[in-house]
Amino acid sequence: MPWLPALHDRRDKAIVLLLMESGLRATDLVLLDRDMISFSSKTLSDGRTETTGVGKVPSPKFRQDRRFFLSARAIEGLRDYLETDRQDTDPVLFANRHGGRLGPAVIPQPGFGCRCNFEKQTKQH
């Protein structure tokens with residue numbers, strides 16, 4: 001995706017990657033806390049290390065947790081955001097600029113899309 005490198009905000013890049021590659025909805029994503037995602041690594045027979053990520057988010061509609069899986073690229077974006085920008089202990093995964101939980105209405109707004117230069121290439125449904 002040619003627009004992804006243009007996204008400089010690590011939080012926004014992690015959000016875009018999680019939405020694109022995990023199948024989460026914006027309303028699911030804003031409910032995530034840090035402890036809802038887990039990572040595991042294993043060494044492959046050729047010596048490379050493979051990291052996988054899995055998460056769960058509460059689904060009020062079905063009264064159970066909805067599981068999702070993370071791609072390597074989504075894991076990389078999420079780790080980059082958490083290790084660089086989040087030095088706090090707040091359990092909320094994606095905080096807004098004031099430290100509170102990010103609201104789902106922020107994600108589809110025009111300002112969010114133009115920061116990563118993909119607004120002209122996609123439409124909301």
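This is a predicted model: local features need pLDDT of at least 70, side-chain atom pairs count only at pLDDT 80 or more; totals for chains, interfaces and linings use all residues.
In this report a residue is called buried when its relative accessible area is under 20%, and exposed when that area is over 50%.

**Overall layout**

The protein is built from four helices and three strands, which follow one another along the sequence in the pattern α-α-β-β-β-α-α. When contacts between residues at least 6 apart in sequence are considered, 54% of them join residues at least 24 apart.

**The sheet**

The three strands make an open sheet in the order S1-S2-S3, with antiparallel pairing. Strand S1 (37-43) and strand S3 (64-70) are the edge strands, each of them pairing on one side only, and from one strand to the next the twist averages 20°. Helix H1 (residues 10-22) packs on this sheet, where it touches S1 and S3, and the direction of H1 makes about 100° with that of S3.

| Hairpin | Residues between the strands | Turn residue with positive phi |
|---|---|---|
| S1 and S2 | five residues | Gly-47, about 95° |
| S2 and S3 | four residues | Arg-63, about 55° |

Seven bridges link S1 and S2 in the antiparallel sense, and among the residues that take part, Phe-39 has Gly-53 of S2 as its bridge partner, while Ser-40 is partnered by Thr-52, also in S2. Between S2 and S3, which likewise run antiparallel, there are seven bridges, and here Val-57 stands opposite Arg-66 of S3.

**Gly-55 within strand S2**

Gly-55 lies in strand S2, which covers residues 49-59. Is this glycine buried or exposed? Because its relative accessibility is 3%, Gly-55 counts as buried. Apart from neighbours within four places in sequence, Gly-55 is in contact with Met-36, Ile-37, Arg-66, Arg-67 and Phe-68. Phe-39 is 16 residues from Gly-55 in sequence, and the C-alpha atoms of the two are 8.8 Å apart in space.

**Helix H3 and its two sides**

The buried residues in H3 are Ala-74, Ile-75, Gly-77, Leu-78, Tyr-81 and Leu-82. Viewed down the axis of H3, these buried residues fall within an arc of 165°, and they therefore line one face of the helix.

What do the buried residues of H3 pack against? Their packing partners are H1, S1, S2 and S3, so that face of H3 meets both a helix and the strands of the sheet. On the other side of H3, by contrast, Ala-72, Glu-76 and Glu-83 are exposed, each of them having a relative accessible area over 50%.

How values were computed. Residues are numbered from 1 along each chain as its sequence is written. Side-chain values use heavy atoms; hydrogens and water are left out. Buried means under 20% relative accessible area, exposed over 50%, partly exposed in between (1.4 Å probe, protein chains only). Contact means heavy atoms within 4.5 Å. Two strands pair if DSSP finds at least two bridges between them. Axes are lines fitted to C-alpha atoms, for helices over the stretch in contact, and angles run from 0 to 180 degrees between N-to-C directions. The arc is that of the directions from the helix axis to the C-beta atoms.
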